[in-house]
Amino acid sequence: MLEARQTMDAPTTTSAGNGTSGDTDGGGWFTPRTSPPPPGGEQEPEGNRLAALRPVGRSQEPPKSPQPNRESAAPERIPTGPDFPPGVPLSPPPAPDHGSDHSVFDPPVSDERAGHTATASPDAVLIRRTMAEVGPVADKVTSYFYALLFVQHPELRSMFPPAMDAQRDRLLKALLTAAEHIDNTPVLVDYLQNLGRGHRKYGTQAEHYPAVGECLIGALSRYAKGSWNDETEAAWVRTYTTISQVMIDAAAADELRSPPWWLAEVVSHDLRTADTAILTVRPNQPYPFLAGQYTSLETPWWPRIWRHYSFASAPRSDGLLSFHVKAISAGWVSNSLVHRARPGDVLRLGPPAGGMTVDHTSDSGLLCLGGGTGIAPIKAIVEEVAEHGRHRPVEVFYGARTGQDLYDLDTLLRLQQSNSWLEVRPVVDKHGLLQLPDAIRDHGPWNGYDAYLSGPPGMIRSGVDALKAAGVPADRIRHDSVEELVAAGD
């Protein structure tokens with residue numbers, strides 16, 4: 001959401017034909033192949049195979065969107081059963097919540113790490129043409145998609161949040177991400193595999209994907225009439241089939257080694273400022289992760305609403321996990337975690353995700369930029385470097401709008417006192433972290449450093465620009481998530 005675009009070389013599937021949408025090679029519309037059998041060579045039961053689907057008729061009038069079934073009270077404890085929502089299988093994991101939000105329709109920004117070129121594959125051209133046409137009416141496309149899904153598959157409605165406000169834009173955000181990287185197989189596959197693994201926590205099953213694909217085509221074909229034809233439809237069928245297959249395979253592989261979610265009890269709640277808290281939780285079973293990664297959290301007060309937060313410490317021998325949370329305006333989950341959560345409350349955790357991790361076989365210096373609660377994964381990385389005992393230089397720039405917002409500075413300064421290789425530089429700027437890039441330019445040189453950024457999207461964008469200007473190669477700059485590369489706005 002990474003630079004050289006190449007001719008599309010996406011993984012092939014048994015149902016992705018190479019001709020038109022009517023190909024019949026043993027599969028059907030959006031019908032991925034069955035998941036790989038478990039170890040031991042057992043064949044998957046025939047009943048689990050997906051049935052072929054017919055194309056969605058485009059003459060259909062938009063159905064009335066069903067009224068959500070409002071819940072008067074949410075349970076105070078999270079149920080342990082598997083009856084939790086799949087969500088839309090295309091929903092992308094947002095970047096960890098480090099303050100600022102952004103619009104789904106902000107223009108995409110490229111990232112030179114992936115080596116994009118100007119040449120696009122035929123399918124990519126058709127898909128982007130569709131996206132350009134539906135962009136101005138994206139709200140209507142999204143509403144129509146959900147109306148189709150809930151009318152044609154009413155059994156799925158109860159699996160979504162009662163209030164769809166937080167869910168609405170996720171479909172289009174994911175489509176923009178997939179369209180942006182359709183010719184960049186490594187990035188697209190990694191992104192989709194994370195989605196597939198992450199959607200296990202909703203209870204998503206392979207049979208949900210064809211339903212979503214059919215309704216997606218129905219919505220796009222209705223609102224992209226100027227560019228829609230059989231060739232465009234075939235491109236979307238091939239692309240969606242590939243997308244769904246990668247996600248299904250990733251979920252099937254992940255099922256063999258980890259649960260879909262973890263229960264975690266809050267053991268401490270430390271309110272550092274009026275709107276920022278540090279939460280420490282104890283998972284009900286071992287939770288493997290790496291410093292620099294993030295996870296999704298669900299609270300008992302807003303069932304089926306998940307938000308992403310970075311781990312604020314390296315893996316600990318006692319198994320405890322820490323998170324930094326800032327309550328943001330209209331943030332259901334963040335406000336609950338900051339102002340309502342108390343020791344004894346039980347949260348749910350999704351699987352770990354993210355590639356902002358450290359190569360401990362390298363002696364390269366680390367240049368770390370953390371803005372606001374984005375200091376959480378930076379602190380975790382510093383702790384992990386200290387635990388590995390390698391004397392490599394680490395420079396941490398900790399940015400905030402006010403001195404009070406440097407809520408974890410004392411912890412970093414204590415780390416600095418006990419590790420001569422660590423330098424911590426607080427940067428205060430009430431004008432939106434604009435001084436952080438200036439601070440980078442004032443120090444250095446940064447040749448031979450790997451850079452890590454975490455914070456609001458605006459800080460990441462300006463930080464990336466400053467790092468490149470300071471001579472840090474693009475392929476040595478890491479930040480929160482693929483989605484950040486798609487969203488250009490705060």
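This report covers the salt bridges in a predicted model.

## Overall count

A search of the whole structure turns up 11 salt bridges. Side chains of opposite charge can pair when their charged atoms come close.

## Asp408 and Arg272

Asp408 and Arg272 join through their side chains in a salt bridge, at 3.1 Å from N to O. The two residues are 136 residues apart, so this pair links distant parts of the chain. Asp408 sits in the loop between strand E8 (394-400) and helix H9 (409-418). Arg272 belongs to strand E1 (residues 262-273).

Asp408 counts as buried because its relative accessibility is 2%, under the 20% cut-off. Arg272 has 33% relative accessibility and therefore counts as partly exposed.

## Lys326 and Asp275

Lys326 pairs with Asp275 in a salt bridge, and their closest N and O atoms are 3.0 Å apart. Lys326 is in strand E5 (residues 321-326), while Asp275 is in the loop between E1 and strand E2 (276-283), so the bridge ties together parts 51 residues apart in sequence.

Lys326 counts as partly exposed, at 26% relative accessibility. Asp275 is partly exposed too, with a relative accessible area of 26%.

## Glu298 and Arg348

A salt bridge joins the side chains of Glu298 and Arg348, at 2.9 Å from N to O. This pair also links distant parts of the chain, 50 residues apart. Glu298 lies in strand E3 (residues 294-298) and Arg348 in strand E6 (residues 346-349). Both Glu298 and Arg348 are buried.

## A network

Salt bridges also link Arg200, Asp254 and Arg257 in a network.

Conventions: Residues are numbered from 1 along each chain as its sequence is written. This is a predicted model: local features need pLDDT of at least 70, side-chain atom pairs count only at pLDDT 80 or more; totals for chains, interfaces and linings use all residues. Side-chain values use heavy atoms; hydrogens and water are left out. A salt bridge is a side-chain nitrogen of Lys or Arg within 4 Å of a carboxyl oxygen of Asp or Glu. Helices (H or I, at least four residues) and strands (E, at least two) are DSSP runs, numbered from the N terminus. Buried means under 20% relative accessible area, exposed over 50%, partly exposed in between (1.4 Å probe, protein chains only).
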